[in-house]
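Colleague: I've got this model open and I'd like to learn how to read it. Can you take me through it feature by feature?

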Amino acid sequence: MMLEVDGLEAFYGEQQALFGVGFGLDEGQVRTLLGANGAGKTTVLRALCGMVRAAGDVRFDGKRIVGWATEDIVRLGIAHVPDGRGTFLRVSVEENLQLGAMTRRDRAGIAADIEQVYGHFPRLKERRTQQAGTLSGGEQQMLAVGRALMLRPRLMLLDEPSFGLAPLVVEELFETLRDLNREMGVAMLIVEQNAALALELAEHAYLLETGRIVMDGPSAVIGADESIRRSYLGY
Amino acid sequence: MELLLQQVLAGLANGAIYALMALAVVMIYQAIDHLNFAQGEMATFSAFIAWQLIAWDQPYWLAFAVAVIASFVGGIVIERILFRPIHNAPILSQLVAFIALFSILNSTDGEIWNFTIKTFPTPFGREPLFGSRLISTHEAGMIGVTVVILGLLYLFFRGSRLGLAMRAAAANPDSARLVGIRVGWMIALGWGMSSAIGAVAGMLIAPVVYLEPNMMLGVLLYGFTGAVLGGMTSPGGAVAGGFIVGVIENLAGTFIPYFGRELKLTIALVLITAVLLVRPTGLFGRAVVSRV
Amino acid sequence: MTMPPREAVEPLATARLAAIARPNARYLAIAAVIAIAVLLPVVATNFVVFQLTLVMIYGLAILGLNLLFGFNGQFALGHSAFYGIGAYTAAILMDKIDLPYYWTLPCSGVVCFVVGFLFGLPALRLQGLYLALATFALAAALPQILKFSPLEDLTGGVQGIVLIKPEAPAGLPLNPDQWLYYFTLAVLLVLLAVATNLVNSRTGRAMMAIRDHPIAAAAMGINTSLYKTLTFGTSALYTGIAGALGAIVVQFVAPDSFSFFLSISFLVGLVIGGVASIPGCLVGGLFVLYVPNIAERISTGLAGAIYGCIMLLVIFVMPSGAAGLGRVALARAMAWRTRRR
């Protein structure tokens with residue numbers, strides 16, 4: 001398995017936020033983490049990237065990465081699109097993409113990849129020299145995904161990509177994510193509040209409640225279960 | 001009129017040094033949200049190193065280069081050894097660390113080279129520039145070097161990958177880590193560059209104010225003032241602020257009758273405080289908008 | 001500067017201490033400390049008594065700064081100015097109109113309160129770093145203003161003013177140093193009590209709310225402008241009274257004694273003692289008075305360097321100051337006691 005998580009615990013200072021979370025992800029798979037606010041979904045992604053204090057067992061390609069610095073984890077091919085996008089607001093769109101490729105040295109490859117990103121997100125190309133902070137929410141989200149792609153990641157972690165976006169924009173975004181997964185074989189772990197959309201995109205879902213996984217199964221099953229939908233997913 | 005022009009140019013010349021210090025201060029500030037109070041002392045120390053080499057009959061430009069490189073390395077070392085371990089400590093504790101560094105450097109300067117003032121050579125000579133009475137060659141040199149350095153820095157930050165990485169690390173360290181930038185080393189690099197700039201500033205102003213351990217106190221002060229005046233979020237603003245402070249200081253000293261000389265510092269500071277009341281984040285600064 | 005992060009300051013420091021230690025134990029500890037303080041002059045030499053008086057004075061000055069920064073979050077580099085204004089007010093009153101020394105304290109207090117309050121008004125517009133610069137401007141300007149020629153008749157110019165040391169009131173078998181020690185001790189205790197009460201009251205909570213989250217505080221109906229300016233005034237009052245005491249005890253005021261470096265000393269003392277800790281201020285005063293002396297005794301030439309190294313050592317070992325260390329020690333002691341039960 002590409003990513004194996006077992007007994008993951010995470011702490012904000014003295015407060016424990018995750019209590020023994022475990023799951024796995026293989027090449028090219030798309031899975032989603034669902035749950036109410038405060039369940040710890042974002043914390044899982046942060047723990048995977050070394051952004052919060054964590055304990056337990058997390059292996060990427062068999063390598064134990066708990067305790068690694070974020071910069072080093074990223075170099076293994078894990079791209080994190082954080083909640084709030086994490087855009088570099090005061091540099092241009094194109095510079096944001098270049099920053100995504102900071103760990104690479106192949107100039108030609110980087111340039112080609114930038115063009116490819118523009119191919120997926122033509123609106124970004126129109127605004128390539130604009131300051132990223134002037135982009136709309138949807139465009140910034142696209143930019144964040146594009147920046148993550150510049151890493152040529154094997155795994156993409158997306159934290160609430162639909163947050164604050166208009167429904168049509170969200171649909172477009174998820175279409176693109178589906179395309180990316182199919183064309184480039186990028187595995188994805190998506191944290192989402194919009195459960196319906198996430199279940200459509202992902203093949204497998206995990207349900208998180210106050211720091212523990214309380215349910216996990218194929219999306220079709222989870223999505224079909226009335227009681228789960230009503231108590232956890234809100235629809 | 002000629003006096004005015006002369007004083008403005010002299011103000012710009014001093015202002016160039018304040019601008020360099022202001023820039024050095026803002027660079028570190030943008031990286032770590034702290035003012036480096038020891039910046040002046042680090043610059044003085046470098047100037048002393050250069051002076052020593054010259055006293056040992058080394059050519060000026062060699063001494064200059066050695067001092068700049070030594071500062072660069074020194075800045076990095078100080079950051080890694082002293083400030084990185086305490087970067088999570090409360091702000092005031094870090095402030096005291098800066099004060100401690102100041103104290104250590106100042107006292108060490110005095111011990112090694114004592115407190116008698118020393119002359120420091122200038123590579124530009126002190127003749128009137130092109131025979132004009134408006135500005136001397138050294139003053140022109142100060143402005144010239146500052147402009148060159150600012151140009152180089154601009155090119156570096158806007159045009160190079162490393163420069164982009166440093167800007168990103170300063171603006172948004174979390175996101176920078178997510179793209180693989182080693183934020184810790186970017187901060188160290190910022191310190192190194194900032195120290196090197198300080199060294200240049202020190203070596204340019206030493207011929208004017210004479211070299212002694214407390215040489216940079218006033219200069220650093222004006223540098224801070226310039227940085228705050230320009231706005232701590234804007235390196236360009238800091239530089240502009242430095243020049244403005246230099247001119248104000250000179251004009252106040254020359255033209256405000258009688259107490260201009262005695263209260264030079266006070267007048268400069270009062271003026272700047274007045275500006276801040278009107279524009280609380282500095283002339284060119286951006287108001288920091290935070291979400292609650 | 002970001003101003004100040006919540007983790008930097010322990011909320012309701014004294015209240016927490018009260019919660020941890022039983023009230024009886026706490027009063028006992030305070031009584032013991034006061035008893036020792038009262039008995040000290042009996043066994044110590046005059047010079048040591050003089051030094052300890054200065055420790056109390058610096059502690060009081062640092063307390064002033066603490067009220068403003070530690071409890072209210074306003075970053076000020078200008079307290080040497082308030083100290084100096086307090087000192088000069090006392091000196092001028094004693095020198096020109098022969099005012100008895102004890103009346104100079106309230107006068108200095110009032111003068112400094114007004115100056116502080118007036119300074120606090122425009123300061124409302126300035127945040128963090130910018131406020132630091134403005135207060136710094138005040139501190140840097142004061143020596144220059146004091147040396148200003150037209151004011152020389154009043155201030156004594158560069159030479160300053162020399163004062164006469166007051167004698168103990170008739171009937172008390174104390175020499176001047178001892179008397180001033182007790183006088184200062186009394187003033188200190190009163191002001192400490194007032195400060196402690198203030199901090200633990202509604203006003204104190206409002207101050208700290210403003211420090212921690214100004215927007216939320218305002219949203220809850222706290223009149224932040226009023227509290228901030230009043231705090232500025234009160235902070236200046238405390239440091240001003242300390243200045244007046246300083247002038248009386250040292251018998252001398254001169255412009256260069258009240259430079260920016262004094263502000264730095266107060267800041268160092270604040271950090272060493274522990275931000276937002278009232279007892280910490282005295283530890284800070286001790287540090288600021290004695291450590292430079294110790295450094296100088298180790299090596300005259302490198303005194304500054306040694307002072308700096310000691311400061312660094314303290315920061316590395318106790319990033320939250322003596323008070324922080326004290327709290328940790330106390331918490332561990334309490335935990336040990338509960339485990340034993």
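Colleague: Let's start with chain A and chain C: how far apart are their nearest C-alpha atoms?

Modeller: Two residues are in contact if their C-beta atoms, placed from the backbone, lie within 7 Å. Chains A and C do not touch, and their nearest C-alpha atoms are 11 Å apart. Keep in mind that this is a predicted model, where local features need pLDDT of at least 70, side-chain atom pairs count only at pLDDT 80 or more, and totals for chains, interfaces and linings use all residues. As for labels, residues are numbered from 1 along each chain as its sequence is written, while chains are lettered from A and ligands numbered from 1 in the order in which they are written.

Colleague: Which chains have the most contacts between them?

Modeller: Of the 2 pairs of chains that touch, B and C have the most contacts. Chain C puts in 41 residues and chain B 38. On the side of chain C that touches chain B, α6 (128-147), α12 (260-273) and α14 (303-317) of chain C each supply at least two residues, and α14(C) gives the most, with 10 residues.

Colleague: And how does that side of chain C divide by class?

Modeller: Here Ala, Val, Leu, Ile, Met, Phe, Trp, Tyr, Cys and Pro count as nonpolar, Asp, Glu, Lys and Arg as charged, and the others, Gly among them, as polar. The side of chain C that touches chain B has 32 nonpolar, 8 polar and 1 charged residues.

Colleague: How many residues of chain A are in contact with chain B?

Modeller: 18 residues of chain A, against 14 residues of chain B. From chain A, α2 (70-74) and α3 (93-100) each supply at least two residues of that side, with α3(A) giving the largest share, 4 residues. By class, the side of chain A that touches chain B has 7 nonpolar, 6 polar and 5 charged residues.

Colleague: Now helix packing. At what angle do α5(B) and α8(B) pack?

Modeller: Axes are lines fitted to C-alpha atoms, for helices over the stretch in contact, and angles run from 0 to 180 degrees between N-to-C directions. Helix α5 (residues 137-159) and helix α8 (residues 183-209) of chain B pack at about 170°, with axes 10 Å apart. That makes α5(B) roughly antiparallel to α8(B) (under 35 degrees is roughly parallel, over 145 roughly antiparallel, 65 to 115 roughly perpendicular and the rest oblique). H138(B), M142(B), V145(B) and I149(B) of α5(B) meet I197(B), V200(B), L204(B) and P207(B) of α8(B); 7 of these contact residues are nonpolar, 1 is polar and none charged.

Colleague: What about the make-up of chain B: how many helices and strands?

Modeller: Chain B has 12 helices and 0 strands, whereas chain A has 10 helices and 10 strands.

Colleague: Last one: why is α1(A) described as largely enclosed?

Modeller: A residue is buried if 20 or more other C-beta atoms, placed from the backbone, lie within 10 Å of its own, exposed if 12 or fewer, and partly exposed in between. In chain A, 7 of the 8 residues of helix α1 (residues 41-48) are buried, so it is largely enclosed by the rest of the structure. Among them are V44(A), L45(A) and R46(A). After α1(A) comes G50(A), with a positive phi near 75°.
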